[in-house]
Amino acid sequence: MCGTCGCGEDDHITYRIPGEVNLTHVHTHTHDGLTHSHEHAHHHHDHNHPEAHQHTHEHEHGHSHTHTVTLEQNILSKNELIAERNRGYFEGSQVLALNLVSSPGSGKTTLLERTIAELGKKIDCTVIEGDQQTMNDAERIQKAGAPVVQINTGNGCHLDALMVNKAMKQLELKRKSILFIENVGNLVCPSLFDLGESRRVVIISVTEGDDKPAKYPTMFETAQLCIINKTDLLPYVDFDLDKVKAAAARVNPRLEFISLSAKTGEGLQEWYNWLQKLHS
Amino acid sequence: MAIFVTKILVMHELSIAVNIVELVEEAARSQQAENVSKVVLEIGTLSGIEFDALTFAMTEAVKGSLLQKAEIVYDIIQAVGVCEECCHEFPTDDYFTVCPVCNSMHTSFIKGKELKIKSIDLVTND
């Protein structure tokens with residue numbers, strides 16, 4: 001059952017601003033073998049189609065021919081097309097869009113809360129939150145003082161360019177602002193999906209194994225910055241900073257690193273400097 | 001239409017599979033094909049796709065589509081790295097690509113990232 005409105009659709013993606021009823025509601029449904037999705041304002045209507053759409057493809061006369069068509073088409077071309085549209089919009093409005101990826105629990109939201117509270121005084125910050133379920137992160141971001149849209153992907157393991165495209169239409173993105181897109185916590189699937197971001201930032205925390213870059217190379221290969229969070233816990237864990245940097249650098253020699261603690265504030269200035277340099 | 005928003009997106013291979021079906025159906029319809037008898041895919045060994053997951057996802061994604069009876073051919077493309085310092089090319093199976101000749105870490109890939117629909121066989125009736 002749809003957790004938003006209680007209607008019968010199992011699989012849905014929602015885009016919500018904390019404190020408001022959901023504005024857009026995307027439903028996917030299948031009929032006659034075709035899956036399609038559509039968005040509508042929050043009202044209910046029946047998705048059943050009373051008339052069958054089937055028609056036969058058999059013909060009694062003539063005969064069939066087979067011919068080969070060379071497509072040479074990138075399977076993700078549709079996503080990439082929308083990602084480029086997003087990117088064009090961001091460039092045109094001078095928005096620095098960052099795709100933040102990590103495993104669950106690395107401290108992405110805490111880092112954003114602190115960034116909004118501190119850097120947000122100088123630069124307008126806006127957030128798109130991606131999670132399978134709940135408004136928890138969006139509520140935290142809103143409390144921190146930034147406009148936010150929560151995308152709940154339902155069963156989805158990643159955000160794609162279309163979801164970001166829809167979500168950003170619900171935000172009044174200001175010129176020369178920073179848009180943080182907090183992806184679904186997952187180090188595998190989001191790496192394949194370009195959202196149109198200016199930079200991809202991978203975040204790991206010192207409570208995770210220092211072999212993360214070796215285990216999940218795709219994510220480290222496609223990122224430009226690696227944030228190592230929770231450095232305040234370094235004395236208590238077996239996490240070798242140099243080892244993780246060396247492992248990540250083998251996958252991606254151009255990867256930049258910032259070690260910080262979103263809790264104590266250590267290293268945050270370096271992160272703000274990185275953002276301000278790209279933003280200017 | 002937005003097919004990225006699929007029924008069950010529990011793994012990214014399924015959304016890849018749904019994308020494949022959608023792109024092939026579009027191409028088939030544009031040529032008034034009745035159905036698709038063969039699809040040749042090119043999948044690089046470093047494309048980020050778990051091959052078994054994709055083949056499983058494809059069996060689900062083709063149901064009820066023009067590809068339902070199509071033979072799906074998976075051309076696996078072995079990754080080839082190239083050293084940016086000495087231009088040496090070498091086959092590789094992972095992202096840890098130190099150049100075997102000059103030991104430089106500055107290497108990139110010239111093959112192995114493919115995620116492509118190479119060709120399709122369309123069946124048309126007179």
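A residue is called buried here when its relative accessible area is under 20%. I start with that because the next figure rests on it. By that cut-off, 56% of the 126 residues in chain B are buried. One caution before going on: what you see is a predicted model.

Let me stay with chain B. Its exposed surface comes to about 5600 Å², and carbon and sulfur atoms supply 52% of that area. In secondary structure, chain B has two helices and six strands. If you read along the sequence, the pattern is α-β-α-β-β-β-β-β. Take the contacts in chain B with a separation of 6 or more: 67% of them are between residues 24 or more positions apart.

Now the sheet in chain B. In what order do the three strands of the open sheet lie? The order is β4-β3-β5, and the pairing is antiparallel. At the edges are β4, residues 89-91, and β5, residues 107-111, each of which pairs on one side only. On average, and with direction ignored, neighbouring strands of this sheet are turned by 35 degrees against each other. Strand β3 of chain B covers residues 80-83. Between β3 and β5 of chain B there are four bridges, in the antiparallel sense. To find one of the pairs on screen, look for B:G81, whose bridge partner in β5 is B:F109.

Next, two helices of chain A.

The one I take up now is α4, residues 161-168. Why is helix α4 of chain A described as largely enclosed by the rest of the structure? Because eight of its eight residues are buried. The buried residues of this helix include A:A161, A:L162, A:M163 and A:V164. At the start of α4, a side-chain oxygen of A:D160 comes to within 3.0 Å of the backbone nitrogen of A:L162.

The other helix is α7 of chain A, residues 241-251. Which residues of α7 are buried? They are A:V244, A:A247, A:A248, A:A249 and A:V251. What covers them includes the strands β9 (199-205), β10 (225-229) and β11 (256-259) of chain A. The helices α5 (212-215) and α6 (217-222) of chain A are also among the cover. At the start of α7, a side-chain oxygen of A:D240 reaches to within 3.1 Å of the backbone nitrogen of A:D242.

That is where I stop.

How values were computed: Residues numbered from 1 in each chain as written. Chains lettered and ligands numbered in written order. Predicted model: local features only at pLDDT ≥ 70, side-chain atom pairs only at ≥ 80, totals over all residues. Heavy atoms only, no water. Buried < 20%, exposed > 50% of the residue type's maximum accessible area, 1.4 Å probe, protein only. Polar contact = N/O pair within 3.5 Å; in protein donor to acceptor, adjacent residues only side chain to side chain. Contact = heavy atoms within 4.5 Å. Areas by Shrake-Rupley, 256 points an atom, 1.4 Å probe, with all protein chains shown as cover. Pairing = 2+ DSSP bridges. Axes fitted to C-alpha atoms, helices over the stretch in contact; angles between N-to-C directions.
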